[in-house]
Amino acid sequence: MRLPELSDLPPAPPHEPCYALRTAVPADHGQLAELLSEAFGDRWDAKRVAAEFSPDNGVEATYLVVSPAGVVATASARRLPDLYPEAGYVHYVGARVSERGRRLGEVVTRRVLVHFVAAGLDQAVLETDDFRLPAVRTYLRLGFVPEPRTPGDARRWSKVLRNLARTGEGAAKVPGTAAGASS
């Protein structure tokens, strides 16, 4: 998905005062590993977090939403200039299952987008799985549009948008498209 214009970001969604948004530090790697294991269903540990979220891997910053219970949501600002020279890459957006529905993924993703604006970028890209409808809904709300790369991708996006239309987020509401169609 691509956000073709970063200059007009929607306001941050409200969140409860028990949550704080901050930048991750190495001491967070253990909790971040737990969150990523839960959010993505594969095994993470602090060593994997340190490697995946390092400057050597293009990650400029990792943002967290924390509560009194610890780290509950994350997203990272990454640069992949060989693939996306004009855009920042939104990397590993995830939230604890217990916190889903509170729009914390949107809070951290928006913070990543603000990071890209401050870095002088005017676009953002991300990759997501087509079965992650709540995440896709969040990205659409932020202004991202599908970016099919193959005819198969176009068919998948058509199905995703139809599924979202059936769950209350009409495909006609997809920013930058005519009646939700993607080209």
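1. Salt-bridge network. Arg 2, Glu 86 and Glu 147 are joined in a network of salt bridges. A salt bridge here is a side-chain nitrogen of Lys or Arg within 4 Å of a carboxyl oxygen of Asp or Glu. By this rule the count comes to 11 salt bridges.

2. Basis. This is a predicted model, in which local features need pLDDT of at least 70 and side-chain atom pairs count only at pLDDT 80 or more, while totals for chains, interfaces and linings use all residues. Residues are numbered from 1 along each chain as its sequence is written, and side-chain values use heavy atoms, with hydrogens and water left out.

3. Glu 16 and Arg 102. These two form a salt bridge, with the closest N and O atoms 2.9 Å apart. Glu 16 lies in the loop between strand E1 (2-3) and strand E2 (20-23), and Arg 102 in the loop between E5 and H3, so the pair ties together parts that are 86 residues apart in sequence. Helices (H or I, at least four residues) and strands (E, at least two) are DSSP runs, numbered from the N terminus. Glu 16 is partly exposed, at 40% relative accessible area. Arg 102 is also partly exposed, with a value of 36%. The classes are buried under 20% relative accessible area, exposed over 50%, and partly exposed in between (1.4 Å probe, protein chains only).

4. Arg 141 and Glu 106. Here the closest N and O atoms of the salt bridge are 2.8 Å apart. Arg 141 sits in helix H4 and Glu 106 in helix H3, so this pair ties together parts that are 35 residues apart in sequence.

5. Asp 153 and Arg 156. The closest N and O atoms are 2.9 Å apart. Asp 153 is buried, with a relative accessible area of 18%. Arg 156 is partly exposed, at 38%.

6. Leu 161. Helix H5 also holds Leu 161. Leu 161 is buried, with a relative accessible area of 4%. Leu 161 and Asp 130 are 31 residues apart in sequence, and their C-alpha atoms are 9.7 Å apart in space.

7. Strand E3. In strand E3 (residues 59-67), 8 of the 9 residues are buried, so E3 is largely enclosed by the rest of the structure. E3 runs antiparallel to E2, with 4 bridges joining them. Thr 23 stands opposite Tyr 63 in E3. E3 is also antiparallel to strand E4 (residues 70-78), and 8 bridges join these two. Thr 62 stands opposite Ser 76 in E4. A hairpin through 2 residues joins E3 to E4. Two strands pair if DSSP finds at least two bridges between them. In a regular strand the side chains alternate between the two faces of the sheet.

8. Aromatic pairs. The structure holds 6 aromatic pairs. One of them, Trp 44 with Phe 53, is tilted, at 6.0 Å centre to centre and 45 degrees between the planes. Rings of Phe, Tyr and Trp (its six-membered ring) pair if their centres lie within 6.5 Å; planes under 30 degrees apart count as stacked, over 60 as edge-to-face and the rest as tilted. Both Trp 44 and Phe 53 are buried. Ring pairs link Phe 40, Trp 44, Phe 53 and Tyr 92 into a cluster.

9. Largest pocket. Its volume is about 770 Å³. A pocket is an open set of points on a 1 Å grid over the protein atoms alone, where a 1.4 Å probe fits, with protein on both sides within 12 Å along at least five of seven lines; lining residues have an atom within 4 Å of a point. Grid points are joined across faces, edges and corners, and a volume is the space filled by probe spheres set on the points.

10. Pocket lining. The largest pocket is lined by 28 residues, and Val 93, Gly 94, Arg 132, Ala 135 and Tyr 139 lie nearest its centre. Helix H1 (29-40), strand E5 (87-95), helix H3 (104-118) and helix H4 (133-142) each supply at least two lining residues. E5 gives the most, with 7 residues. The lining divides into 12 nonpolar, 7 polar and 9 charged residues. Ala, Val, Leu, Ile, Met, Phe, Trp, Tyr, Cys and Pro count as nonpolar, Asp, Glu, Lys and Arg as charged, and the others, Gly among them, as polar.
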